Amino acid sequence: MDSDPWVISLDAASCDDQRIGGKAAQLARLRRAGFRIAPGFCVTVAAYEQFLRDTQLQLVVQMELGRKPFGELRWEELWDTALRIRNRFSVANVPLAVAQSICRAVRLLGTHTPVAVRSSAPGEDSAQRSFAGLHESFLHVVGEEAVLESVRLVWASLWSDAALLYRQELALDPLTSRMAVLIQEMRTEDRSGVAFGRDPRTDENDRAVIEAVPGPCSGLVDGSVDPDHWLMSRATRQVVSFRSGRRENDEQAAPLLQQSDLESLLVVVDQVESRLGWCPDVEWTGRANRLTVLQARPITRARQDPNDKRPWYLTLRPNKQRLRQLGQRVAEQLIPELRELGDRLAAEDVESLDDAQLADCIQTRQSLLEHWKRVYWDEFIPFAHGVRYLGMYYNDAVHPQDPYDFVGLLRGEDMLASQRNQLLRALAQQVQESAALQRALQQAVHEPEPANDFKWDAWASQLPALAGGRQFLTNFQTLLRQFMDVAFGGLRLSDKPTTLLRNILELASQMRPPVAHAASEDEEAIRSLEQRLLDAVGAARHAEAREVLRLARLSWQLRDDDNLLVARLESQLLRALQAAGNRLKAVGTLNADAEVGTEAVAPIRAALREPAQTPLSLLAFKPANPRPTLRAPGEVPRQLVGQPAAHGLATGNVRVIRGPQDLGNFHAGEVLVCDAIQPMMTHLVPLAAAVVERRGGMLIHGAIIARELGIPCVNGVANVVDLLQDGEGVTVDGYLGIVTVGAAEFRLETG
Amino acid sequence: MVRNLVARLVREQHYAVLCTQGEGQPYGSLVALAVSDDLRSAVFATPITTRKYRLLCDCDHVALVIDSRSHSSVDMMQIEAITATGRARQVSPGADYEQEANLLVARHPQLKLFVVSPTTALFHVDIIRYFHVTRFQEVRQWTLTRG
């Protein structure tokens, strides 16, 4: 094996960092020094280079990373980029000579021996910075084919979303970055953990930190198992402090390690430090004479930048056990609580409260909103990664040509937004069937007064006399109460009935009906995708695959609902503030033209509590000024490039939706241009000829809805909201991700 | 032989400037190109929403400029260029479509998805003449004979 350019045994003398990466090189040194290290071999960086040469995948990586300026890629786009690269790696062939060498080395370890397949990139860990966890590892891999598959995915993880996030620090470059892969026999012991030669939080030299979990170390590394934690004195070997891990179903209250185990670990830490010359962070498994070193790297000295959001993002990466726990908590506890809270607050009669009670009410509502916004970031957003977990799981099993095939499995979920859109379509249908209703709606939306002065009560009172009017009114009131009592851009949508009436008129009169999907065809397509997944994973993993599917569907459904439910809570705060504002204006304590939004909570509460204070003055409502365009004089964008997020080709006039004030201006057949489609505006999508968004991602709302409706969507278009103007003709190519500005100069015939 | 010089340059260079025209107005576009082994034809692809696509539909007379500036940007006397003139036609799905698409994808594997997109048009250029230029002034012409 020593002369083989593609694999090298951990026992070989020529194990150096540049050939087999830092992780493998340290382990090879420790193994030669007599430490207990699992036997194994390394797939060299030369093998990776050969793989890239044969497959020309560096061109794919270059193309993916060059799609737009790196700083403008949002994390959803990074994830998409990594997913596409991963898919291309996973379907590419490993060069025959490399594959033969790997298989030969696997046979030497034993074809039925479970192995761990881990990344070992040159220079990945140093005392300045550690990049632990950015690349993938696979445990309990058995057999030559499975090892080859894992090697491909570890290679691909050089370009994982996490690695891309640290692209600058890692100096990632498609032409020069390389990756070796370490393959070792799995060692499964009853205890595993990490041992730091110095407390990484305080840098105190005499303090070592040891953490232990029952079973394999993976539970500790991925954060799914809470470890027992010891702070030790390295000089006296005494325990300075101990904290027991909180683990479900853990009957054993006693610490996982005895004093003798802790001392053995400190001896290993001392020896590693003396051998390698730096204070180590050692990953280990087993006790006493079975203590095996899994990994040793320098403790990172660098202090974390508190403004760096990337570590937070890394905590979001999917893990099935965490998703399962989150799914249960979110679906069974949090969402029902949030729904019930929204209903309860919406039913409260804030007008009947006295001033002090209203001030308390506002305070309570604000606290509740803040609490639920925290829950949104801490629990709802992490659970949203259930969809991404399915994507990886499906692609690893099925190896589809299109890495987004799995999105078809998310169709047809019963979301709040779908129920709302269904009710809107029913209302549009009623308007289509009644000329009298149509006329009444047209009169309402063409009223000259600003929407705020629309005399809703007077207008609504005439409806019951019209054909179909009574039913329409009942349904419309249901719509306002159940679905539109939400805040969007600081306004309550239920305060804007004319906006909704305009949308309904457009829906009723749309020239191009939405692409109709026969429900049975949809169900058949979903069943077929499900079957592909089940066939690919094999009968032994059917239960696992079904659970991944269940979590992803729940994740997708709740990801939409949670936005609307939190927006409903904000609407209840706005309602209380409006009541307070009206009351204060009536007695002259507040300027009559004041706009009372959530930023006015403190002064409004103070004014309610201390009516004798000097009158309160808040900024008056002013329509938002159009933002300055990014076009320089004489310059016109001709082609804008983004991500092809939903296939199709369409031409139409631009309508930029910047906030709630623009919702009512949208006409059927226009191209919807916005920062991102929010759950509060998905009802506009069926009217649109195409969707163009600044925010990128294949799994964001706009992309998924457009795909379901068969409408082209290009997203991730930098500055698009400030580059395009209302009424401008554009062509949206959802196959290539191109938005062409100006009159259509091309022939639509593609044959 | 001009033939050998042309063969070397098209082997080294992956891109060309496509020259089109319409209503008397010339237009240039950078394209990823593949030239056949016998140097008689070239293939490139373009989105159908582009100006060059419209111009190609209206007029099939084209030129392709390939040069070695990226290799010899400092010493202008070392720069070589060829201008190939010919007629372009859109390759419709059918007998030779796959062959042409494969030629382009083999040269530019990263364009695989671009080439197969329904909004991408594949163009075949029958090359009639090559003009090979060295030292900016020295021009040799090679006209391909059609059998």
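I looked up the burial of A:Leu493 in this predicted model: at 7% relative accessibility the residue counts as buried (under 20% relative accessible area, against over 50% for exposed and partly exposed in between; 1.4 Å probe, protein chains only). I then placed A:Leu493 in the loop between strand S13 (491–492) and helix H19 (497–509) of chain A; helices (H or I, at least four residues) and strands (E, at least two) are DSSP runs, numbered from the N terminus.

I listed the contacts (heavy atoms within 4.5 Å) of A:Leu493 beyond four places in sequence. They are A:Met484, A:Val486, A:Phe488, A:Pro660, A:Leu663 and A:Met680.

For chain B I noted 4 helices and 8 strands, in the sequence order α-β-β-β-β-α-β-β-α-α-β-β. Its radius of gyration (over C-alpha atoms) is 15 Å, close to the 15 Å that the globule rule (2.2 Å times the number of residues to the power 0.38) gives for 147 residues, so chain B is as compact as a globular protein of that length. I recorded that 49% of the 147 residues in chain B are buried.

On conventions, residues are numbered from 1 along each chain as its sequence is written, and chains are lettered from A and ligands numbered from 1 in the order written. Local features need pLDDT of at least 70, side-chain atom pairs count only at pLDDT 80 or more, totals for chains, interfaces and linings use all residues, and side-chain values use heavy atoms, leaving out hydrogens and water.
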